[in-house]
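Subject: The structure you asked about

Hi,

Here is the structure for you to open alongside this message. My notes on what I found in it follow below.

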Amino acid sequence: MSEIDWGQGRYESTAADLLPAARELVEAARIQPGEHVVDIGAGTGNVALLAADLGARVTAVEPAARLREVIQEVAGARDLTVIDGTAASIPLQDGSADVVLSNFAVIFAPDPQAAIAELARVTAPNGRILFTAWLPGVLDELIGILFKAVREVTGRGIADGRVDWHDPNVLTSLLEPHGFHLTTDTKELTISTPSPEDYWSTRIATHPLGVATLPLLDQSGRLPAVRTQMLTQITQNWTTPTGEVALPAQYLLAKATR
């Protein structure tokens with residue numbers, strides 16, 4: 001299937017869920033005032049804004065035009081520049097970034113090798129790259145319902161051609177050719193919504209991934225079954241006695257240094 005337009009739908013709800021991970025990522029980067037920080041797949045600007053508030057000079061790289069506008073609207077007087085680009089095509093000079101960050105974004109790059117090569121290119125000789133990647137678990141199980149249905153309908157998988165970004169061995173094989181040493185840490189965040197139905201409407205149906213895939217399932221007549229299966233999973237496994245959803249999600253925080 002075609003590439004996802006992350007400006008479609010309402011990514012803001014998911015961005016709010018990911019803010020705790022953005023804080024962990026920025027803290028782990030140990031950003032110093034005046035450093036040039038590049039945020040790859042900046043989304044609504046979680047990481048970029050946090051880095052700028054630490055006194056960094058920040059470049060937010062985001063391919064979705066609507067999300068670039070969102071960042072620009074909230075940037076205010078911060079030293080924050082927003083540019084169009086992707087992980088595999090960053091319009092910056094070689095070695096110009098002290099820190100390259102990506103919060104659950106580079107993991108969607110269609111060509112992982114090209115993305116890592118590009119991140120390495122823009123990173124200074126003594127710079128560092130940090131990013132987050134989902135670990136197999138609750139989210140994998142839940143979104144797997146959607147992925148499986150899309151594959152059955154289209155004959156193609158959403159993540160075809162991509163790698164296991166959560167696997168340190170895979171990451172080492174990607175980073176070592178560019179002179180980087182990898183360290184990792186396991187973190188967890190909780191995604192909370194008022195109800196399973198709210199999770200479906202705000203985290204699935206209006207998420208850019210849902211906007212790109214649910215019409216395909218609707219046209220094939222598969223959408224009602226997929227919705228029912230996902231709501232059942234959420235209700236039975238991750239809904240509190242008072243009806244709220246509390247979905248635990250583990251992720252890998254990877255740091256690469258030369």
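Glu 152 and Lys 148 sit four residues apart in helix α6 (residues 138–154), so about one helical turn separates them. Helices here (H or I, at least four residues) and strands (E, at least two) are DSSP runs, numbered from the N terminus. The two side chains form a salt bridge, with the closest N and O atoms 2.6 Å apart. By salt bridge I mean a side-chain nitrogen of Lys or Arg within 4 Å of a carboxyl oxygen of Asp or Glu. Glu 152 is partly exposed, at 43% relative accessible area, while Lys 148 is exposed, at 53%. For those words, buried is under 20% relative accessible area, exposed is over 50%, and partly exposed is in between (1.4 Å probe, protein chains only).

Before you read on, please note that this is a predicted model: local features need pLDDT of at least 70, side-chain atom pairs count only at pLDDT 80 or more, and totals for chains, interfaces and linings use all residues. Residues are numbered from 1 along each chain as its sequence is written, and side-chain values use heavy atoms, with hydrogens and water left out.

Other salt bridges

The structure holds 12 salt bridges. One of them joins Arg 203 to Asp 17, with 2.6 Å between the closest N and O atoms. This pair links distant parts of the chain, since Arg 203 is in helix α8 (residues 196–205) and Asp 17 in helix α1 (residues 12–17), 186 residues apart. Both Arg 203 and Asp 17 are buried; for Arg 203 the relative accessibility is 14%.

Arg 203 also has a polar contact of 2.6 Å with the side chain of Thr 202. A polar contact is a pair of N or O atoms within 3.5 Å; within protein, one must be able to donate a hydrogen and the other to accept it, and residues adjacent in sequence count only if both atoms are side-chain atoms. Leaving aside neighbours within four places in sequence, the residues in contact with Arg 203 (heavy atoms within 4.5 Å) include Ser 13, Thr 14, Ile 191 and Asp 198.

Another salt bridge is formed by Glu 35 and Arg 128, whose closest N and O atoms are 2.8 Å apart. Glu 35 lies in the loop between α2 (19–29) and β1 (36–40) and Arg 128 in strand β5, so this pair ties together parts that are 93 residues apart in sequence. Glu 35 counts as buried at 14% relative accessibility, and Arg 128 is buried at 12%. Elsewhere, salt bridges that share partners join Arg 10, Glu 12 and Arg 66 into one network.

The sheet and its helices

Seven strands form an open sheet with mixed pairing, in the order β3-β2-β1-β4-β5-β7-β6. The edge strands, each pairing on one side only, are β3 (80–83) and β6. Two strands count as paired if DSSP finds at least two bridges between them. From one strand to the next, the twist averages 20°. β6 and β7 pair in the antiparallel sense over 13 bridges, and Lys 187 has Tyr 251 in β7 as its bridge partner.

α5 lies across β1, β4 and β5, running at about 140° to β5. α6 lies across β5, β6 and β7, at about 110° to β7. For these angles, axes are lines fitted to C-alpha atoms, for helices over the stretch in contact, and angles run from 0 to 180 degrees between N-to-C directions.

Helix α7

In α7 (residues 168–175), the buried residues are Leu 171, Leu 174 and Leu 175. Seen down the axis of α7, they fall within an arc of 90°, so they line one face of the helix. That arc is taken from the directions from the helix axis to the C-beta atoms. Their cover includes α5 (112–122), β5 (123–134), β6 (181–193) and β7 (245–257). Asp 167 caps the N-terminal end of α7, with a side-chain oxygen 2.9 Å from the backbone nitrogen of Asn 169.

Arg 30 is not a glycine, yet has a positive phi of about 50°. Arg 30 is in the loop between α2 and β1 and is exposed, at 63% relative accessible area. Phe 104 also has a positive phi, near 55°. Phe 104 is in the loop between β4 (97–103) and α5 and counts as buried, at 5% relative accessibility.

Best wishes
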